[in-house]
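Open the model in your viewer and keep the sequence panel beside it. This tour moves from stop to stop, saying what to select and what is there.

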Amino acid sequence: MKVFVNYNDARWRKYKINFERVARAAATNVAAGAEVSITLTNDAEIHALNKKYRGIDRPTNVLSFELGDDVLLGDIYISLDTVLREAQQENILVSDHVAHMVVHGMLHLQGYDHIKNSDAEIMENMEINILKKLGIKNPYVQDSAVCSDLSCCPGGRIFTWFKRIENIKLGGWIYPIMFALGGVAALGFAPYNMWWATMLAVLLAYKLIVHGATNLNSGFWKTFGCAASFGAAYAVAMFWWVLNSIYVVPELAAQFAIWTVPGILGIGIVGALIFSIPFILVARNRSGGAVRPFLFAAAWVLILWLREWAFTGFPWNPIANIAMPWLGLANSMSLWGALGLTFVIVGGIAALAELIGAWRKWRQWCVLAVFVVLGLVGVLYGQKNISQSKIIEHDGPVIRVVQPARSAVQKASHSRDDALRNAVENIRGLMDLAGKPGNPDLIVFPETSYPFVVVDGDNIPLADALDKNIILGATSYSDEKMFNSMIVASPNGDIQHVYSKSHLVPFGEYRPFGDLIPTPGLLTPGTGPEIINIDINGRTLSFAPAICYEIIFSDSLVPSGTLPDVILNITNDTWFGRTPGTYQHLDMVRRYAIESGLPIVRANYSGISAFINSDGTILASIPIGQAGATDGTVAGAHYTPYRMIGRDGWLGIILMFSIVCVYLFKLKSRD
């Protein structure tokens with residue numbers, strides 16, 4: 001058999017490989033005068049061929065073009081760039097890997113294929129036997145020693161199973177599996193707190209998408225389909241509860257129930273687009289396994305940052321929140337916030353996934369070690385934050401939080417008489433709860449608890465009747481505009497301050513698309529964060545006001561350079577009942593306390609009202625659906641590195657750290 005070798009890339013000439021010997025060894029069923037052409041090329045040329053003839057828009061290692069002739073067998077193209085990269089990843093000799101590619105290509109020219117599992121097994125066995133005759137070890141295991149796949153080691157069966165995932169083809173049945181993994185990934189958040197489910201689901205998704213696409217040269221759309229399936233289910237499983245608000249009041253349900261299915265679809269589509277980005281970015285990137293975890297984690301963090309400010313912003317459930325049951329780890333957010341802890345967790349998952357596929361490579365162990373060390377640094381600083389939160393700086397005022405727990409139906413009105421009657425009942429209920437035994441200095445009522453619209457020059461009779469400083473939530477009217485406001489009133493009922501919510505809820509409080517999609521509320525946003533100081537019996541209480549989900553935005557509440565005593569958060573989760581959203585909202589509040597180093601007093605209309613320490617510990621709370629009041633004091637406010645550097649500053653640090661690590665590990669790979 002004649003073998004013609006064409007050097008389309010001069011770099012090949014440095015590798016002294018006997019291509020004729022290898023090709024003839026693989027000629028198992030070839031005529032005596034047969035001819036074959038082997039073209040030694042690079043990624044650019046093989047990429048163009050792969051796209052033109054196979055419709056796959058990426059380079060590959062080897063391409064075979066069978067001519068169907070007994071004499072002219074066909075052409076084999078081998079890319080040096082891909083071969084070098086794969087040899088480095090598998091820790092094998094370049095010459096051995098090239099020989100494998102020649103054998104693989106020759107078998108294709110002789111009619112062998114690996115589309116079906118049965119055919120693949122035949123072809124692989126032939127490759128193994130041919131290479132063995134050439135003195136080259138089995139290419140399908142990393143080492144030919146006994147138990148090289150770890151199947152006989154403790155936990156080895158699990159390891160081997162994970163390794164096989166890399167060779168699963170993307171397409172068909174894989175999409176529902178990815179969809180299921182997306183749903184499982186949401187179980188790590190409250191109220192389930194199955195942190196291990198989130199980590200396992202993301203790890204499996206990473207293996208299937210990133211390694212499956214990389215090893216099998218899957219096209220962009222197959223990769224996107226898998227990643228989008230995961231992202232859609234992940235988003236729906238985390239955010240479906242927002243649509244529960246449609247059904248709380250019958251009148252709202254009658255008008256808006258038709259938007260339930262479009263709402264679910266919208267959540268899924270947005271989730272598919274957003275959460276698929278890190279997977280696609282890494283799967284389509286040609287970097288090695290030592291680099292991919294940093295790219296994956298950085299991309300995930302960047303998406304979280306974009307979610308915080310794009311549109312109205314909705315940075316709900318950063319993966320950092322799965323650490324809330326572990327107070328030491330959760331308090332690392334006082335150092336680098338949810339962005340940093342998300343980077344550590346997501347990067348650690350990706351590093352572990354890469355290690356499973358290449359556990360003999362020291363670089364992969366180094367990558368995992370980087371994320372483990374970062375986690376330990378965070379835990380150590382978290383312990384400091386926990387200690388600082390327990391420092392009692394002064395005896396602060398006694399604050400009473402009132403939770404009415406009246407349903408939205410009880411608050412609703414259908415006529416002027418109904419409105420007045422419900423208003424009187426609501427005020428009496430608030431009076432009864434606020435007037436329980438004790439002597440609080442300040443009484444805090446939740447969002448929208450006051451049943452009357454507050455206008456300029458008004459007086460709050462409720463404060464006068466209680467003879468206490470009060471803070472309550474109400475709708476206010478000023479300059480022909482309506483606001484969702486926090487009203488601060490003195491014991492004689494005079495209004496001392498009005499703070500209006502700046503982060504309004506889209507489709508609930510304002511119309512992001514005009515009249516295209518109907519919205520119950522048409523409110524005006526406030527001017528943003530501020531510090532309010534009130535005199536309580538000769539002592540000044542300094543607090544940052546927050547209404548509802550404003551508390552989920554990292555840099556939205558406390559002006560730079562200020563250190564208030566507490567954050568006062570009034571909210572109304574009646575719309576979400578006992579769905580996961582109510583529990584997750586509380587975890588978002590706890591996260592903010594850790595990041596800011598500030599205790600938080602939270603008054604919720606239907607639960608969960610709570611006193612939260614600056615280390616995220618819940619000191620006292622009132623459960624969902626239970627009317628009541630609870631008293632407490634606040635202390636332990638302090639600056640944290642996260643608040644001093646800020647959300648955007650930490651994003652820059654994380655991205656720069658990722659770039660440096662990518663550069664260093666790429667440099668090591670070349671060496």
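Helices here are DSSP runs of H or I with at least four residues, numbered from the N terminus. On that numbering, His-114 sits in the loop between helix 4 and helix 5 (117-133). The model is predicted.

**Whole chain**

Start with everything shown. The protein has 22 helices and 17 strands. It has 671 residues, and 54% of them count as buried. Now consider contacts with a separation of 6 or more: residues 24 or more positions apart account for 69% of them.

**The annotated histidines**

Centre on His-108, which is found in helix 4 (residues 94-109). Is His-108 buried or exposed? It counts as buried, because its relative accessibility is 18% and the cut-off for buried is under 20%.

Show what surrounds His-108. Beyond its neighbours within four places in sequence, it is in contact with Ser-64, Glu-66, Asp-113, His-114 and Met-123. Step across to His-114 in its loop. His-114 has a relative accessible area of 32%, so it is partly exposed.

Next, colour the ranges that the unreviewed UniProt entry lists as "transmembrane region": 170-189, 195-213, 220-243, 263-282, 294-314, 334-353, 365-382 and 649-665. Pick out two of them. Residues 334-353 are 100% helix and 0% strand, with end C-alpha atoms 28 Å apart. Residues 220-243 are 83% helix and 0% strand, and there the end C-alpha atoms are 33 Å apart.

Select residues 174-185, which form helix 7. The helix has 12 residues and reaches 16 Å from first C-alpha to last, close to the 16 Å expected at 1.5 Å a residue. Show the side chains of its buried residues: Ile-174, Met-178, Leu-181, Gly-182 and Ala-185. They cover an arc of only 105 degrees around the axis, so they lie on the same side of helix 7.

Follow the chain into the loop between helix 7 and helix 8 (195-216), where Pro-191 lies. The peptide bond joining Ala-190 and Pro-191 is cis, with omega about 0 degrees. Asn-193 is found in this loop too. Its phi is near 55 degrees, a positive value in a residue other than glycine. Asn-193 counts as partly exposed, at 30% relative accessibility. Most residues other than glycine have a negative phi, and most peptide bonds are trans.

**Into strand 8**

Jump to Asp-467, in the loop between helix 19 (461-466) and strand 8. Here again is a positive phi in a residue other than glycine, near 55 degrees. Asp-467 is exposed, with a relative accessible area of 54%.

Move on to Asn-469, in strand 8 (residues 469-478). Asn-469 is buried, with a relative accessible area of 6%. Which residues is Asn-469 in contact with, leaving aside its neighbours within four places in sequence? They are Asp-441, Leu-442, Ile-443, Ala-489, Ser-490, Pro-491, Gln-496, Asp-535 and Ile-536.

Strand 14 (residues 600-604) pairs with strand 15 in the antiparallel sense, over 3 bridges. Find Val-601: its bridge partner in strand 15 is Phe-611. The two strands form a hairpin with 4 residues between them, and Gly-607 in the turn has a positive phi of about 120 degrees. Look at the next peptide bond: from Gly-607 to Ile-608 it is cis, with omega near 15 degrees.

Strand 15 also runs antiparallel to strand 16 (residues 618-622), joined by 4 bridges. Ile-612 stands opposite Ile-618 in strand 16. This hairpin has 5 residues between its strands, and Gly-616 in the turn has a positive phi of about 85 degrees.

Now show the side chains of strand 15 (residues 609-612). Ser-609 and Phe-611 point one way, Ala-610 and Ile-612 the other way, and all are buried. In a regular strand, side chains alternate between the two faces of the sheet.

Methods: Residues are numbered from 1 along each chain as its sequence is written. This is a predicted model: local features need pLDDT of at least 70, side-chain atom pairs count only at pLDDT 80 or more; totals for chains, interfaces and linings use all residues. Side-chain values use heavy atoms; hydrogens and water are left out. UniProt positions are given in the numbering used here, feature names are shortened, and annotations may be inferred rather than shown by experiment. The expected span of a helix is 1.5 Å times one less than its number of residues. Buried means under 20% relative accessible area, exposed over 50%, partly exposed in between (1.4 Å probe, protein chains only). The arc is that of the directions from the helix axis to the C-beta atoms. Two strands pair if DSSP finds at least two bridges between them. Contact means heavy atoms within 4.5 Å.
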